[in-house]
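Work through the exercises below with the sequence and the structure side by side. Try each task before reading its solution.

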Amino acid sequence: MLTFGRYCKRRFGQRVRKVPIALAGFTCPNIDGSVARGGCIFCKNESFSPTLDKETRVALKMNPKMTENPLLEMQLKQLQSQYDWQSEFHRNKFGVEKYMIYFQSFTNTYAPFDTLQKLYTKALSLPNVVGMSIGTRTDSVDLKLLDFLGDLSERKGQEIWVEYGIQSVYDETLQFINRGHGTENMESIIQATKERGLKVCSHIIYGLPNESKEMMLHSLESVIQWGSDGI
């Protein structure tokens with residue numbers, strides 16, 4: 001069993017730092033009312049996103065149905081500036097020379113396809129970037145996007161991870177935490193992601209209300225069986 005840091009050192013021959021990115025305009029279908037409102041009961045992006053500041057809190061929020069995105073130029077600049085200062089910090093303080101872009105806050109595939117193409121391509125073009133990781137949900141990814149990501153990874157020769165917030169494989173738990181979707185497409189989306197040469201990380205939460213030890217272990221066993229590369 002490898003930690004992600006050890007995996008990267010073995011894969012790339014040196015330490016790799018994940019650089020968390022939070023961009024203006026991103027939200028979640030579980031927040032904006034598309035599938036639910038208020039987000040999951042544990043949702044507080046500010047608690048784990050060092051780059052989520054007032055500059056990212058614009059009134060306009062994206063969704064995949066938008067035909068134009070007036071925030072794109074701002075988002076591209078934010079991506080560049082957040083990467084620049086974080087990579088410089090870790091290079092100067094810890095001697096890290098290689099980085100993986102981590103689109104972390106909110107649902108990072110919940111945007112117009114053209115916007116995602118430009119942001120992801122830009123991310124992989126940044127200096128000393130060896131790959132990219134995208135945090136999202138299984139109900140916010142389609143095969144068109146996975147096809148693009150698989151092609152992008154192959155063309156660039158860089159590693160792309162898709163990080164799915166699974167949390168639990170029990171529908172009653174997902175309903176209790178206001179997840180906004182059930183387990184219906186989890187396995188198929190993970191397998192479709194793997195089929196395109198992409199890496200999968202599945203996020204699960206232990207200790208959710210009303211779940212027994214056996215239920216928690218079953219969630220773990222399920223995401224392993226589905227082909228997850230990381231947990």
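The model is predicted, so local features need pLDDT of at least 70 and side-chain atom pairs count only at pLDDT 80 or more, while totals for chains, interfaces and linings use all residues. Residues are numbered from 1 along each chain as its sequence is written, and side-chain values use heavy atoms, with hydrogens and water left out.

**Exercise 1.** State how many helices and strands the protein chain has, and in which pattern they follow.

Solution. Step 1: helices (H or I, at least four residues) and strands (E, at least two) are DSSP runs, numbered from the N terminus. Step 2: the count gives 7 helices and 5 strands. Step 3: along the sequence the pattern reads α-β-α-β-α-β-α-β-α-α-β-α.

**Exercise 2.** Find where Arg179 lies, and decide whether Arg179 is buried or exposed.

Solution. Step 1: Arg179 sits in the loop between helix 5 (171-176) and helix 6 (186-195). Step 2: buried means under 20% relative accessible area, exposed over 50%, and partly exposed in between (1.4 Å probe, protein chains only). Step 3: Arg179 is buried. Step 4: a salt bridge is a side-chain nitrogen of Lys or Arg within 4 Å of a carboxyl oxygen of Asp or Glu.

**Exercise 3.** Describe the salt bridge between Lys18 and Glu163.

Solution. Step 1: the N to O distance in this pair is 2.7 Å. Step 2: Lys18 belongs to strand 1 (residues 16-21) and Glu163 to strand 4 (residues 159-167), 145 residues apart, so the pair links distant parts of the chain. Step 3: Lys18 has a relative accessible area of 22% and is partly exposed, whereas Glu163, at 5%, is buried.

**Exercise 4.** Describe the salt bridges of Lys77 with Glu73 and of Asp151 with Arg155.

Solution. Step 1: the closest N and O atoms are 3.4 Å apart for Lys77 and Glu73, and 2.7 Å apart for Asp151 and Arg155. Step 2: Lys77 and Glu73 are 4 residues apart in helix 2 (residues 72-94), so about one helical turn separates them. Asp151 and Arg155 are 4 residues apart in helix 4, which again means about one helical turn. Step 3: Lys77 and Glu73 are both exposed. Asp151 is partly exposed at 35% relative accessibility, and Arg155 is exposed at 52%.

How values were computed:
Lys, Arg positive; Asp, Glu negative; His and termini not counted.
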